[in-house]
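Please open the structure in your viewer and keep the selection panel at hand.

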Amino acid sequence: MQGGSTGVGYGLKYQARCISDVKADTDHTSFLTGTLSLKEENEVHLIRLSSGGTELICEGLFSHPNEIWDLASCPFDQRIFSTVFSSGESYGAAIWQIPELYGQLNSPQLERIASLDAHSSKIKCVLWWPTGRHDKLVSIDEQNLFLWSIDTSKKTAQVQSQQSAGMLHYLSGGAWDAHDVNAVALTCESSVQLWDLRTMKTTNSIQHAHVRNVDYDTKKKYMLVTAEDESGIHIWDLRKPKFPVSELPGHSHWTWTVKCNPEYEGLILSAGTDSAVNLWLVPPTSDDSALDSLVESPTRRVEPLLHSYTDYEDSVYDLAWSSREPWIFASLSYDGRVVVESIKPHLPKK
Amino acid sequence: MEVEEGVQIDDKAKRMRDMLSSFYSSDPSSNASSLQNYTSSSSRFATLDTINTTSFDANMYMNLLVQKSNLENLLQKHVEMAAEIKNLDTDLQMLVYENYNKFISATDTIKRMKNNIVGMEANMEQLLEKIMSVQSKSDGVNTSLFDKREHIEKLHRTRNLLRKVQFIYDLPTRLENCIKSEAYADAIKFYTGAMPIFKAYGESSFQDCKRASEEAVAVIIKKLQGKVFSDSESIQARAEAVMLLKQLDFPVINLKVKLFEKLDQFLVNLDLESVELTNASVDDNELPKGGTVLDSASSAAHEASIREFVEAVRAYRVIFLDSEQQLLKLAQDFVTKHFEATRQQIKKQFRSVELLAILRVIWSDVLLISEVLPEADLPDYALQAARIVVKDYIDSTFKHLLLDISDALTKAQVRQKEGVEGEYSLQVALEASRKAVIQGSMDVLLNFRQLLDENSDLLLKLRDSIIDWVQEGFQNFFGTLDDHFLLLSGKSNSASQNLNIPEGISVLTGLVLVLAQLSLFIEQSAIPRITEEIASSFSGGGTRGYEYGPAFVPAEICRTFRSAGEKFLDLYIKMRTQKISVVLRKRFTAPNWVKHKEPREVHMFVDLLLRELEAIGTEVKQILPQGLHHKHRRTESNGSTTSSRSNPLRDDRLSRSNIQKARSQLLETHLAKLFKQKMEIFTKVEHTQGSVLTTIVKLSLKSLQEFVRLQTFNRSGFQQIQLDIQFLKTTLKEIAEDEAAVDFLLDEVIVATAERCLDPIPLEPPILDKLVQAKLAKNSEQISVS
């Protein structure tokens, strides 16, 4: 399954770890990505897929003060995004606004709307509610969960509430439920914690070690996908958190990230440190007969792996589905190469 | 006549039609239009042949004739024509005469008919008159004789009545006589004859007579009852007695019920006996030589009692004509009970020899019974029951086999858990389970072959089904075995949550490795051998129907176990690398790398890593084959990554710590990547020591690289990593066989560290060497001490 170079490529100058779909841009398929360089001037690239889908065009190139560990585009304003950055020891997170100078590139200065500077330990990620306009923001550091109230017009961000996940739980990341504005899933060393933002308390947890990344299924409520270092990908029904609904083999080395397709149910992309991106199709199981289908599954066990894109030079750390054209995704390998691929040839025939 | 006439008419009509058609068109294909055509062009096409057609023109013909022929021909033609004309004339005359004759004779006939009809009417009337007179005379005779006949009839009736009265008065004495002479049949015939009269007049005129005869009949009934119950009487006599009792309206049903109760009791006794018999045969198995006498004795006793039962059944069939249903039920109950007992036996583990013995006994019983009860269809019934029993037997045998194998496996697990981990415990477990699989399967097959070798009718009839069941059984068995392995390995998820593996027991890595090897063994040796065995003695079958294909599909099982073997090996590697990952994770998340102190010695995590690898080595060496030492193979790559550069270049770069150049270095790195051959890391794992170990080392190093990439280092941190890696370089060479890949990965780790380092200045090689040597010396010292 050697993937030919079917994708459209774009090279960043330095190594990079994060890419995000610009969801609020409804006219173009565009992505934001930021570099990770310890010693050089880091950059944020706004790239757009040309209308023919054959070329990636740099729409904006902005310098960023520190190396970027996490980047998320605001789902309701295409000019706003958040980053988590570090320089040596210090960590920080901020919300930025792209200046109103599209296409001219002569003032590549980002405007810092707000700093999320209440953190005391290593910040892991910043989450926007994926579904629509929401005036809250979640940021996660190693020990704490912060809920921020932000106002982009007034350019303010205030901590609304904060809760420690406990000293012994090293948080590593999380995801915000697209179906429920109050539900957030956090990954930590030994489990996935499900939080309710109203009470700021853990409502439930999935005891599963070494979860590296987590994503809510945007099409199906209660469905959560996790990626683990060694043991691949698991799909969970949050109402039955004891055992996974199904399991995918994952990658030859660690599975770093998983992303559910925003449009096609059961389509999952995963990226791993074996320099590959895998496209999976999980056969739909109805909620109630999840167990039954497991029992009968030997008879209709189909190969869930639709395609493996292996044309990467280094570990792939981030992926983004385009929400505008849900058959398109962008992947970013550590060597700073963005590849945009279309999964159209692998879509199941309806 | 008429038919002939019809034929004639038909003939005539046909002739008419022919003539008409020949008149109107000489040529059937040509009609009016072509006719015209013909005449118009006649001058041109005229020939002498037109003489016979309708368009004959005499003048034209003459002209033509004169033109075409010479004188001689003309003369000749003239003579011919004259002769023909004469002939035709004669024919015509003849026809006219014949017709005239026929007409005359017809006229004559009609005249005669007219004469004959006159006078017929008068004759008919005379006949009617005579018949009337005969009738009136016969009526006269009838009326004159009527009175006398009536009188005679009345006298006759009176006489009959008188005779009956006489008979009734005589009845008691007659009955007495009959009882004395034991002619019960006659007595009952008399009594039943008199019954209607007693019913009508018993209360009045014949009271005494009735009482007396009833008393007599009561005696008779008692005697008959005694006769029915006494076994010494002949069956015929008993049957007659029952018949007579029935004629007396005696409630025979009660009798029957009583008798059947007796029979039932008898059967229960028999059943107990048969159970004893099976027990005896079990004992017999334990004492293979000495017990046979006992066995034959008890079976003889059993046969005797069966014969007795058969006799009884035969008798009852004759005695109670309507008792068949009950007897059938009894017989079927008997067979069912028998098989039930056998089923109970099957629940304990027992061999086909015993099953055969029991089946043989049952079959002979069944045959005996079916002689007297052919309607019961007992052989069929027994066949059905035997079918179930044999199927049960096969199923349970497979179940036992599965248990044996899992026992062999879990024993190993328990032993390992108890810490009695001897040098070869895994090997022992593998050997034991291998033996359990192959020996168990062979035993099972041997057992089943005994079933097939048996020549009794019952099993011959089941032969095809047994073959199918055995094949199916193996198919299912390996399916469940696969599932069971999954369960043991802890790999199967929620589906197995309710099964008996207690939660929280972590599956031991060794067991997974054993499972991997066992799967491989099953695929490579067990299945072929079983297939061979099945082919040699279990071919045929085919009651399954062809559309399903053969029941036993070795290819499918092989595939299952091949993938299972790979899966377990993967799982083993996964479990092992997970352990190593924990070590690495602790190492990299705990310290603050940005404030790291200068390295003084190789960090102890290296020891932990090496210890893990050593543990894997000992496990792997016990079970897996050595495998060929081969260098890095490119063809089987699954994934790939690239080295950024060759060694000298890197060293070169590391020595230069110029930050300004870092950017160009990165470019350089990219350029180097473009030209560098891709280095495969994630190659396919094989079932060999080297392959497994190398894979684990590679995966661990890749993890190391990934952990490094998540950190930021100061100079000392970088140097520490450099030192650790340098140490690993020398030690890992001894463990992993794919040196190139390992070296490459180690370098990658250093590159990654350099990339994540704020101030990447490497240690001086002499210092590096010194520290590595110190560590090596320390290690060897430790070994020598221990």
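The tour visits a strand with its partners and then a pair of helices.

The model is predicted: local features need pLDDT of at least 70 and side-chain atom pairs count only at pLDDT 80 or more, while totals for chains, interfaces and linings use all residues. Residues are numbered from 1 along each chain as its sequence is written, chains are lettered from A and ligands numbered from 1 in the order in which they are written, and side-chain values use heavy atoms, with hydrogens and water left out.

**First stop: a strand of chain A**

Select residues 328-333 of chain A, which form strand β27. Helices (H or I, at least four residues) and strands (E, at least two) are DSSP runs, numbered from the N terminus. In β27(A), 6 of its 6 residues are buried, where buried means under 20% relative accessible area, with a 1.4 Å probe and protein chains only. I328(A), A330(A) and L332(A) point one way from the strand, and F329(A), S331(A) and S333(A) point the other way.

**Second stop: S331(A)**

Now select S331(A) within this strand. S331(A) has 0% relative accessibility and therefore counts as buried.

Select residues 316-321 of chain A, strand β26, which pairs with β27(A) in the antiparallel sense over 5 bridges. Two strands pair if DSSP finds at least two bridges between them. A320(A) has A330(A) as its bridge partner, and the hairpin of β26(A) and β27(A) has 6 residues between the strands.

Next, select residues 337-342 of chain A, strand β28, which runs antiparallel to β27(A) and is joined to it by 6 bridges. Here I328(A) is partnered by S342(A). This hairpin has 3 residues between its strands, and G336(A) in the turn has a positive phi of about 85°.

**Last stop: two helices of chain B**

Select residues 715-735 (α23) and 739-755 (α24) of chain B; at what angle do these helices pack? The angle is about 175°, with the axes 10 Å apart. Axes are lines fitted to C-alpha atoms, for helices over the stretch in contact, and angles run from 0 to 180 degrees between N-to-C directions. α23(B) and α24(B) are therefore roughly antiparallel to each other, a term for angles over 145 degrees.

Definitions and conventions
Parallel < 35°, antiparallel > 145°, perpendicular 65-115°, else oblique. Buried < 20%, exposed > 50% of the residue type's maximum accessible area, 1.4 Å probe, protein only.
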